[in-house]
Amino acid sequence: MAEETESTKTEPLKTAEEEFKKLEITEEEESELKLETSDHVTFMVEASIAMKFGAVQQYLEVSPAASASATAIPLHNVASRELILILEYYRMHDWVDAGERDLKEFDERFLKDLNYEELKELLLAANYLNVEKLFNFLTKSIANIIRNKDVEFVRTFFGIDNDYTPEEEAAYREENAWAGVKFV
Amino acid sequence: MVDGKREEEFIPLDVVMNILKRLPVKSLIRLKCVSKEWLKVLDGNHYFTQEHLRHSAHNNAFLLLQRIPRQPRPLPFSSCLIAPDATLVHPLFTHIAAKIVASCNGLLCLRDKTHLSLFNPATRQIKHLPPTTLFGFHYVGFGFSPASNDYKIVRISMCVFDQLDQVLILDDVRVDRAQVYSLATGSWREIDAVNLRPLCLVSSSVSTAGTIFWLATMASDSDADSEFVVSFDIGRESFALLNGPPLPPSPTLPYSNVLAVCNDKLAMFRHYIIGIFESCCFDLWVLEDVHTHTHTRARESWVKMEELSRHDYRGLETVLSLFNPLTNELKKLPAHTHDFCYVPFTYSESLVPLHNINSPSTLH
């Protein structure tokens, strides 16, 4: 699989032989697809990565001509900053030389750089694009964040309004006190 | 911060469920208080319960060990959970007087003398079953039928007590009657066990893919070497008799059979003992297919998996170990084998409710 110049920034120095091999691969000129985000930024993305997006696959099934033509495939619910993150994630995870430890470190750093709002936006973008690996990574990460949090934190995180009456809520908290709800 | 296109972030419920299915049951019970919509999802929603169970069984399967004191008896049993990496997780519960009979989808079937209960340790729900009219010595099986979306318990009584002469008959123990309890209906009913009458059950049950299995032999010892598997179709409530794997060519080492589940299929370990427990080796057989499912003999195909290597017992005290047949790895578990014996079950926690289960349409 071809490597993008962006992902090579973090690579350790390579031997001349490896560099040579890489040149050979890039010379094959992998085909690219043009994607347009909701804020009207166009991206040229390697087909090998773009075809991992369920939304792109679906679009091409309906209008196969788009793969060859200059028309951009519109991604209505993905902004450019989310697409940049998604591409960063997939380029790293597609990189053949990435070891298990590299990926773990990358995932940790990737997650650390996101605040809760960005994390939710990325989750919605991944859901819209139908990108399984990233979607599972994000849902798993959010599950880890809320695992030991209290009800108020979770309401705020998901932007959920409390629709219990104070009496109903008190009753539920009482009933499930053993599971750690009895604060407030 | 955002470019104005999404003032209000709204995470769709199916995405929320995908996050929630990854949480332990205790967290989910706490989160019932978030909103009424979440309560609907977390309190018995069939789809979510199944999704959570699938995730839990796939990612958080534990070995559950029931600890039974060697003496004095009777004493409360206790249990512990062992994670896949052989570390002790935590005691599941410490003081129950009941013995675990079977474990399925996060539910445990417990027996306390003659009383049976279903227990979900994760949600702490318990359901005591009404007493049955079957008396005496009996075998119990427990499992789930995806076809009828129901959990059932089967009780098979063995004929050991002659009602007329009021004596115990120990030289001709055989199956007598059977009753089945459905969690959906909440009641017992008698089922036909006539085709099991010539048999004597000799193992506890295992359950997979809507069927419960026991090992059996012919009650009359004319054909002492014969081995059978009794299967119970949980949805159809019918018994069938299957042949065991082909017998080893004689003369053979002494061996014993243990039923197990391997990739959702019935499996049987044939455990050969060499010398006076000096070492042992195993065959693992898997029941790949049963062709006809009538109430008489079925044609079954047992496939022998790799013959597992020989293990040297010499110089070893009684130990409790986890053995991985694929990697040939043997891991010692933390155990006090002098004081307790251990009965293993698989366990993964679930939200499966013990009340208000929707009555499936296939019943009644």
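**Sheet of chain A and the interface with chain B**

In the predicted model, chain A holds an open sheet of 3 strands in the order E2-E1-E3, with mixed pairing. Strands, of at least two residues (E), and helices, of at least four residues (H or I), are DSSP runs numbered from the N terminus; two strands pair if DSSP finds at least two bridges between them. Strand E2 (42-46) and strand E3 (73-74) of chain A form the edges, each pairing on one side only. Strand E1 (residues 32-36) of chain A runs parallel to E3(A), and 2 bridges join them. A:Leu35 has A:Ile73 in E3(A) as its bridge partner. Helix H5 (residues 80-94) of chain A packs on the sheet and touches E1 and E2 of chain A. The direction of this helix makes about 10 degrees with that of E2(A), where axes are lines fitted to C-alpha atoms, for helices over the stretch in contact, and angles run from 0 to 180 degrees between N-to-C directions.

Residues are numbered from 1 along each chain as its sequence is written, and chains are lettered from A in the order in which they are written. Local features need pLDDT of at least 70 and side-chain atom pairs pLDDT 80 or more, whereas totals for chains, interfaces and linings use all residues; side-chain values use heavy atoms, with hydrogens and water left out.

Between the two chains, 41 residues of chain A are in contact (heavy atoms within 4.5 Å) with 33 residues of chain B. The area buried between chain A and chain B is about 3300 Å², 65% of it on carbon and sulfur atoms; this is the accessible area (1.4 Å probe) lost on putting the two parts together, summed over both. The interface has 1 salt bridge, defined as a side-chain nitrogen of Lys or Arg within 4 Å of a carboxyl oxygen of Asp or Glu. B:Lys36 forms a salt bridge with A:Glu168, with the closest N and O atoms 3.3 Å apart. H5, helix H7 (116-129), helix H8 (132-146), helix H9 (151-158) and helix H10 (166-175) of chain A each supply at least two residues of the side of chain A that touches chain B. H8(A) gives the largest share of that side, 7 residues.

B:Ser35 lies in the loop between helix H2 (25-30) and helix H3 (36-42) of chain B. Not counting residues up to four places away in sequence, B:Ser35 touches A:Ile160, A:Asp161, A:Asp163 and A:Tyr164. The B:Ser35 side chain reaches the backbone nitrogen of B:Trp38 at 3.2 Å.

Conventions:
Polar contact = N/O pair within 3.5 Å; in protein donor to acceptor, adjacent residues only side chain to side chain.
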